[in-house]
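Here's a quick briefing for anyone meeting this protein for the first time. Have a look at the model, then read on.

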Amino acid sequence: MVDTSVNLSGLKLDNPIIPASGTFGFGYEFAEHYDINILGSIAIKGTTKEARYGNELPRIAETPSGMLNSVGLQNPGVDEVIRTELPKLQEVFSKKVLANVSGFSKEEYVEVASKLDAHDSVGIIELNISCPNVHGGGAAFGTDAKLAAEITKAVKKVCKKPVYVKLTPNVTDIVEIATSVADAGADGLVLINTVLGARFDIKTGKPILDNITGGLSGPAVLPIALRCVYQVAKATKLPIIGCGGIQKAEDVIEMMSAGARAVEVGAANCADPLACKRIIEELPKLMERLNIDSLSGIVGRSL
């Protein structure tokens with residue numbers, strides 16, 4: 001019997017599979033398709049202080065090996081998430097979740113994080129300083145090492161639960177950002193967020209996305225994510241959740257070998273609602289074929 005369990009700052013997961021924020025709603029929607037309690041955890045939809053409609057349509061574009069999105073953090077606001085969305089999820093999911101926190105100022109990050117930190121269903125705060133699809137926030141903090149550290153330090157002051165900082169690959173040196181938030185007290189890291197891209201209509205010449213640019217996700221970004229995880233794992237001792245292009249069990253093994261302790265599955269959920277279920281079922285069989293007794297034992301073996 002192989003051991004698929006992993007540990008994230010004291011939070012034990014039955015397996016390392018976590019649907020990525022923004023690709024799984026608030027989780028309960030998928031309970032119509034399968035028992036979502038088989039998941040390691042769930043990263044709920046990115047939450048801001050106030051309700052957001054997000055960017056104008058169109059905000060999704062297909063690419064040869066993935067997709068571009070410029071959804072723009074559409075969500076009902078933190079108070080409504082706490083009042084309605086998390087209780088709905090608790091009805092069908094018995095495990096702790098990752099609460100994805102976004103904002104447009106340090107004060108907003110602190111307020112949203114403190115409210116979600118107090119909810120009993122939240123196990124980890126996922127601090128999103130890397131969303132490329134909103135103006136004036138998100139990635140603006142994640143591309144500056146000093147600002148990233150300031151946000152991290154401020155949020156850590158108000159949170160009792162572990163704070164994992166989600167980093168953007170749209171920087172010159174992701175290791176610099178990672179070490180700055182590590183020094184500021186981050187408990188863990190999530191990398192990577194989407195890679196900034198664009199597409200254009202060949203008939204009109206106009207951008208396909210109303211926002212012009214969007215975040216590229218899917219199989220195309222897996223090598224980028226692996227590179228980032230490997231570099232950051234060599235530079236810090238923080239636990240890492242690897243994200244970007246995970247489609248199958250083989251990708252999980254590769255990502256954990258590069259240094260991740262768990263993975264988030266994103267774009268795959270948009271193409272196949274059963275993607276996480278399939279990967280969870282494939283993983284023990286693959287481990288047996290590769291003579292891997294314990295997933296935690298292969299973390300960072302490539303370093």
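Helix 7 (residues 249-257) packs against helix 9 (residues 275-289) at an angle of about 65°, and their axes lie 8 Å apart. That makes helix 7 roughly perpendicular to helix 9 (under 35 degrees counts as roughly parallel, over 145 as roughly antiparallel, 65 to 115 as roughly perpendicular, and the rest as oblique). A heads-up: this is a predicted model, where local features need pLDDT of at least 70 and side-chain atom pairs count only at pLDDT 80 or more, while totals for chains, interfaces and linings use all residues. Residues are numbered from 1 along each chain as its sequence is written, and side-chain values use heavy atoms, with hydrogens and water left out.

**Helix 7 with helix 9**
- On the helix 7 side, the contact (heavy atoms within 4.5 Å) is made by Ala-249, Glu-250, Val-252 and Ile-253.
- Helix 9 brings Ile-279, Glu-282, Leu-283, Leu-286, Met-287 and Arg-289 to that contact.
- By class, the contact of helix 7 with helix 9 has 7 nonpolar, no polar and 3 charged residues (Ala, Val, Leu, Ile, Met, Phe, Trp, Tyr, Cys and Pro count as nonpolar, Asp, Glu, Lys and Arg as charged, and the others, Gly among them, as polar).

**Helix 6 with helix 7**
- Helix 6 (residues 222-235) and helix 7 have axes that come within 9 Å and cross at roughly 25° (axes are lines fitted to C-alpha atoms, for helices over the stretch in contact, with angles from 0 to 180 degrees between N-to-C directions).
- That makes helix 6 roughly parallel to helix 7.
- Leu-222, Ala-225, Leu-226 and Val-229 of helix 6 meet Asp-251, Glu-254 and Met-255 of helix 7.
- This contact of helix 6 with helix 7 has 5 nonpolar, no polar and 2 charged residues.

**Helix 5 with helix 6**
- The axes of helix 5 (residues 174-183) and helix 6 come within 9 Å, crossing at roughly 45°.
- Helix 5 and helix 6 are therefore oblique to each other, and their crossing is right-handed.
- Ile-174, Val-175, Ala-178 and Thr-179 in helix 5 meet Arg-227, Cys-228, Gln-231, Val-232 and Ala-235 in helix 6.
- The residues of that contact divide into 6 nonpolar, 2 polar and 1 charged.

**The largest pocket**
- About 670 Å³ of space lies in the largest pocket (on a 1 Å grid over the protein atoms alone, an open set of points where a 1.4 Å probe fits, with protein on both sides within 12 Å along at least five of seven lines; lining residues have an atom within 4 Å of a point). The volume is the space filled by probe spheres set on the points, which are joined across faces, edges and corners.
- Of its 35 lining residues, the closest to the centre are Ser-21, Gly-22, Thr-23, Asn-69 and Thr-194.
- The lining divides into 14 nonpolar, 18 polar and 3 charged residues.

- Most residues other than glycine have a negative phi, and most peptide bonds are trans.
- The peptide bond from Leu-57 to Pro-58 is cis, with omega near -5°.
- Another cis peptide bond joins Leu-191 and Ile-192, with omega about 15°.
- Ser-9 is not a glycine, yet has a positive phi of about 50°.

Conventions. Helices (H or I, at least four residues) and strands (E, at least two) are DSSP runs, numbered from the N terminus. A crossing is left-handed if the near helix is turned anticlockwise from the far one by less than a right angle, and right-handed if clockwise.
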